[in-house]
Amino acid sequence: MSYLQSKVQSFNANLGTVAGKISNKRTVGPSAKPAASPTPSVASDSSKNDLKRKRADLPHVPFSQPADTGVGQHIMTQVTYAIEHMKKRDDPQTFAAILEYLSLQTREESYKRALEKILIRHDKVNYEPKREGSPAVFSFRPMHNIRSAASLLRYLQSQHTAQGLSVKELRDGWPDAEDTISKLEAEGKLLVTRNKKDNHARMVWPNDPSLNFELDDEFKAIWHKVKLPEPGALADELEKEGLTPANKHRLIKKPVKAQEKPKRKARAGGKTTNVHMAGVLRDYSHLKK
């Protein structure tokens, strides 16, 4: 009995240890899985939300457009402003006056010297160097140095051809030229062509008064008494003299017709055309209902 009791006690002890291990696995296993899963999901959601917030805070800027700096900081932009200023002024401008207009008095000397060199070499700027008692000055150089009615008539009369002058080129250095052109046209000193759309002057020519001749009223009356022949009378007179009018025999080209493609004829009755297989194929047309 002592042997059997010892075996029973050892069996119960082993059974208790195995049951404890099984219970520990059931309690520890499921608790480890939820502890690991929520952490990355929360972090990923928070990072996505942060990215969305950052993207929403960014201003909407079109990438095809340059940044709006408010004022022209590039030196060529300042050159354009200076030329437009000189174009509106009739009197020459010193470089100091140009800097004052552009508000560049406080810029560094290297920037000012570079701006001055560009203006001196620009094809739209006249530069007069410094002389005794007068500083160097800049002025706008138009396509034609014409700014008055007298200079316009002088320029047109000095031309050796009858090409005329474009009003668009004239307005480059004389914006109000069209009013003076209309006045000279009314006085008979200019010949002007105008646009049909807006009636603005397009081209001008000098009107030489020495070419104007007055005709006697008797000559005008004789001119108007001459009657023009009827449209068909001239052709009849030519045929009477044995001549053929130039517009009588005209070669009339016939329109070229497009070649029509031959239509394929449908097979009548569904009969076969395989003559070389007449002994092999059979005709089942009698079975049609």
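Here are a few friendly notes on the structure above.

1. Start with what kind of model this is. It is predicted, so local features need pLDDT of at least 70 and side-chain atom pairs count only at pLDDT 80 or more, while totals for chains, interfaces and linings use all residues. Residues are numbered from 1 along each chain as its sequence is written, and side-chain values use heavy atoms, without hydrogens and water.

2. Next, confidence. The chain has an average pLDDT (the predictor's confidence in each residue, from 0 to 100) of 78, and 72% of the residues score at least 70. Over residues 27-38 the pLDDT is below 50, and this stretch has 1 contact (heavy atoms within 4.5 Å) beyond near neighbours in sequence.

3. β2 pairs with β3 (residues 137-140) over 4 bridges, and Val125 stands opposite Phe140 in β3.

4. Which residues line the second largest pocket? Among them are Tyr155, Leu156, Trp205 and Pro206. A pocket here is an open set of points on a 1 Å grid over the protein atoms alone, where a 1.4 Å probe fits, with protein on both sides within 12 Å along at least five of seven lines; lining residues have an atom within 4 Å of a point. By class, the lining has 6 nonpolar (Ala, Val, Leu, Ile, Met, Phe, Trp, Tyr, Cys and Pro), 4 polar and no charged residues.

Methods. Two strands pair if DSSP finds at least two bridges between them. Helices (H or I, at least four residues) and strands (E, at least two) are DSSP runs, numbered from the N terminus.
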